[in-house]
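Hello,

Here is the structure we talked about handing over. Please open it first, then read my notes below.

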Amino acid sequence: MKKIHLAFLLSLVSLVSPAQNADPVVMHINGKPVTRSEFEYSYNKNNSDGVIDKKTVKDYVPLFVAYKLKVEAALDAKLDTAASFKREFASYRDQQIRPAMINDADVEAFARKIYKETQERIDSTGGMVQVAHILILTPKGATDKQQKAAKAKIDSLYNVLKKGADFAAIAKKYSEDPGSAKNGGELPWIVKGNTVKEFENTAWALKDGEMSKPFASPYGWHIILKKAHRNFYDYASQRDDIYRFINGRNLREQIINQKLDSIAKAQQTTPAKVLEAKKLEMEQKDPSLKYLIQEYHDGLLLYDMANRTVWEKAQKDSVGQENYFKSHKAKYNWTEPRFKGIAYCARQQADIQRVKDALKDVPFNKWVDVLRNTFNNDSVLRIRAEKGIFTEGMNAQVDKEVFGKDTIAKPVKDYPYTAVYGRKLSAPENVDDVRSEVVADYQEEMEKQWVNALRKRYKVKVDESVLKTVNNH
């Protein structure tokens, strides 16, 4: 017995070992394993044919490690426990999994259910009827005179019809319902609830081929000719319309919910656990789905963590930006001169000098407020201005008056007087002149410092032998 038992165990080992080695661990981040397939998924996705700056596997490792370190920092900060994170991640995850909970047969069954409910409702209330009608309108709030005139007209038409006149010809000539008049008064098949009670009661009371006496409705006076009646249409003729209805109203979500509830009830569990089981099943069949969902999970955490630690902090840290600019001033030297000022035009020539006087000794970042409050604070705009740090080619007026280019600025209607005001600079004077570049560089510097700190905080171990087999096994 012992020999048989041992042989059985050895056979299990021989079966299990290849599966264990099929996807070896390529690295550990903070003690957590990263399989070769996960690393390959990330590498191949970020180094596909359309990527300009492709990396070798070796060059990609530091980028991948930095990514994973930031996620670890987010997990340590418990960002994954926030209700907003859980909500957003669950929504994305469900978008990938929920559609797979149903198949064509489920949708078909739901469509047939809609059809059956509609069919039973219509057929139980008298089916469908097809009629032609003649309408003489009475305006809302019609006077007695108008009512009598409409009644007299419908009565005269009724008398003509009783003598054998063609209903369609009379409808085309006299009916005041333009939609049906052109078709000889004929309406599409109608069911109860489609029209007003007065019309409905009369139509269903008639026999096929029978004509009604004149009767009134909120619209006016009618004569109906009942042409036919029938039960509701067959399913095949309505299937495409029902499917359009399902898709247009997003009723597939309702089908999915019903399926989840049904399975959960049968398995005595919850819909959430049924969905989780489906996710695991799909990930077993398609590992890339697992990594896609994991990528979104980690991406949400990384974005939030990086925003708190680097991006938003760098955006708001004006002192840090100033210090960074002073320490790296040579980095922001310009290769060509620029004009720091405004190009403007005015309705009155006198305002050209008034603008210059108003901006004298005012900090550059306050110019817009001064111009608005001094010249454009009522319904009539006295000046139009473009403020900025200009290089050649950005503004024709600046090109002509500052850079001496032979060009003509397009005139602005009603603003014939033009000028520029500001200074020509060979290099930025302060951080405001290159704020966006400084912020970007400052963020990059802060991110490097953050990643270096994370490398010291979390242990990283790469298995070089496994790394060599990436995309080569």
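Start with a rule for rings: two rings of Phe, Tyr or Trp count as a pair if their centres lie within 6.5 Å, with the six-membered ring used for Trp. Planes under 30 degrees apart are called stacked, those over 60 edge-to-face, and the rest tilted. By this rule, there are 18 aromatic pairs. One of them joins Tyr 60 and Phe 64, with 6.3 Å from centre to centre and 40° between the planes, so this pair is tilted. Keep in mind throughout that this is a predicted model.

Stay with that pair for a moment. How far apart along the helix are Tyr 60 and Phe 64? They are about one helical turn apart, because they sit four residues from each other in helix 3, which covers residues 57-76. Both Tyr 60 and Phe 64 are buried. They also belong to a cluster: ring pairs link them with Phe 39 and Tyr 43.

Next, go to helix 9, residues 197-205. Which residues of helix 9 are buried? They are Phe 199, Glu 200, Thr 202, Ala 203 and Trp 204.

Look at Glu 200 in helix 9. Is Glu 200 buried or exposed? The cut-off for buried is under 20% relative accessible area. Glu 200 has 5% relative accessibility, so it counts as buried. Which residues does Glu 200 touch, leaving aside its neighbours within four places in sequence? Its contacts are Lys 192, Gly 193, Asn 194 and Thr 195.

Now zoom out to the whole protein. It has 19 helices and ten strands. The C-alpha atoms fill a box of roughly 110 × 105 × 40 Å along the principal axes. The radius of gyration is 39 Å, whereas a compact globule of 473 residues would have one near 23 Å. Of the 473 residues, 36% count as buried.

Contacts come next. Take those between residues at least 6 apart in sequence: 69% of them join residues at least 24 apart.

Best wishes

Notes. Residues numbered from 1 in each chain as written. Predicted model: local features only at pLDDT ≥ 70, side-chain atom pairs only at ≥ 80, totals over all residues. Heavy atoms only, no water. Helix = DSSP H or I, 4+ residues; strand = E, 2+ residues; numbered from the N terminus. Rg over C-alpha atoms; globule rule 2.2 N^0.38 Å. Buried < 20%, exposed > 50% of the residue type's maximum accessible area, 1.4 Å probe, protein only. Contact = heavy atoms within 4.5 Å.
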